[in-house]
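Keep the sequence open beside the coordinates.

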Amino acid sequence: MLSRWENGRVEVTDPGYQRLFREFYGRTNEELGFAPERQNESAEELRDRLIVARNIDRETVDLFQRQVNDLRNSDKRFGALVVLDQLNSLVRQMESVKTFSVSTQHRERLAAILTDARTLAGWTALDRGSQLQAWQYHEDAKVSAREADSPYLLAHAAAQQAVILLDIGEPTAAVELLEYARYVAENRAPSLLRTWLAAAHGEGLAAAGLHDESLRAFDEAQGLLPSDPVDPELPHLLLSDGHLARWRGSALVRLGDQDAIGSLEAVAREMETSPRSTIRAQLHTYTDLAFAYAAAGDSRGALACAAKARQLATRIGSDRQRQRLAKLQLPEVGRTGIA
């Protein structure tokens, strides 16, 4: 019907179709060129939506969270290639339910799940090379985190958004946002999240060229890491000694530190056998190693790691890492080595 209407083949006169068109385009009847919406139809539509939202119970809300968790697990295994479109649909569905719910309890819980879904969608959008879409998802996530009255969800969304700034070459702004995230979470967030935030801060400081400050932040993260780095309340955080080592190694690459290669090689070996390793983490590690070897003048090592990274990037559709690899300069020839 959309296609036929946009090509001028039909007029949309049915009230049901007009309602769907208003939802899809986010426009009024007048803006779409339809006859003005009758007032009683608008009231009826509002009542219908309120009834649907009123029938949402705790089990339905729990189902939304399970759907987000399932998509997160798919992202860990297969990357953003198969996840983002499903997340977009789920976010729209939850937004519609929350907008017309008058239950404070349900609204807060839905807002928390929406924050989780939006940060995951933002991360997958970033992996697919869409920085603007990723930024908007994180902006929306911060709004829903505030409605959920959750400092730790707000801190996580802000810190993850800082990665977008790093990707587009804005390290100073990224550090500022990371400092805000740590302030929000201070004394109000679980130690696992504070560990993650300290490490993210270390990455930002490294991108800004602040060597000593960066390593101090990673030392803080190591000290904060709980003995059991699994928190059911923080399913979006995957962190362990191995993940911290990878993150620190990535920072060492940014800082041009010669210890980067040894650190990342150890991480790569561990990831090959670790059941908690993700494809994206392996991809990031081999990409960092390619740059570390290139900086050390080892073209063969850079090419070998870049080839592994390129295979993984193709496997999960990571445009973000493909774009990084395209900038790899091989030491012998001084040109872009991997496209």
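Start with helix 10, residues 171-185. Its 15 residues, at 1.5 Å a residue, should span 21 Å, and the end C-alpha atoms are 21 Å apart, which agrees. The expected span is 1.5 Å times one less than the number of residues. Helices here are DSSP runs of H or I with at least four residues, numbered from the N terminus.

Before going on, note the ground rules: this is a predicted model, where local features need pLDDT of at least 70, side-chain atom pairs count only at pLDDT 80 or more, and totals for chains, interfaces and linings use all residues. Residues are numbered from 1 along each chain as its sequence is written, and side-chain values use heavy atoms, with hydrogens and water left out.

Which residues of helix 10 are buried? They are Ala174, Val175, Leu177, Leu178, Ala181, Val184 and Ala185. Buried means under 20% relative accessible area, exposed means over 50%, and partly exposed lies in between, using a 1.4 Å probe and protein chains only. These buried residues of helix 10 pack against helix 9 (151-167) and helix 11 (191-207). After helix 10 comes asparagine 187, with a positive phi near 60°.

Another positive phi belongs to aspartate 149, at about 55°, although this residue is not a glycine. Aspartate 149 sits in the loop between helix 8 (131-147) and helix 9. Its relative accessibility is 61%, so aspartate 149 counts as exposed.

Now to helix pairs. Two packed helices are described by the angle between their axes and the distance between the axes. Axes are lines fitted to C-alpha atoms, for helices over the stretch in contact, and angles run from 0 to 180 degrees between N-to-C directions.

Helix 11 packs on helix 12 (residues 211-224) at about 165°, with the axes 8 Å apart. That angle makes helix 11 roughly antiparallel to helix 12. Angles over 145 degrees count as roughly antiparallel, under 35 as roughly parallel, 65 to 115 as roughly perpendicular, and the rest as oblique. The crossing of helix 11 and helix 12 is left-handed, a label for a near helix turned anticlockwise from the far one by less than a right angle. Contact means heavy atoms within 4.5 Å. Ala, Val, Leu, Ile, Met, Phe, Trp, Tyr, Cys and Pro count as nonpolar, Asp, Glu, Lys and Arg as charged, and the others, Gly among them, as polar.

Compare helix 5 (residues 58-78) and helix 7 (residues 104-127). They pack at about 15°, with axes 10 Å apart. That makes helix 5 roughly parallel to helix 7. Their crossing is left-handed. Helix 5 contributes residues including Phe64, Val68 and Arg72, while helix 7 contributes residues including Leu110, Ile113 and Asp116. The contact of helix 5 with helix 7 divides into 8 nonpolar, 4 polar and 6 charged residues.

Leaving out residues up to four places away in sequence, aspartate 116 touches Gln65, Val68, Asn69, Arg72, Pro235 and His236.

Lysine 98, in helix 6 (residues 84-99), is also a charged residue and is buried, at 11% relative accessible area.

Conventions
Helix = DSSP H or I, 4+ residues; strand = E, 2+ residues; numbered from the N terminus.
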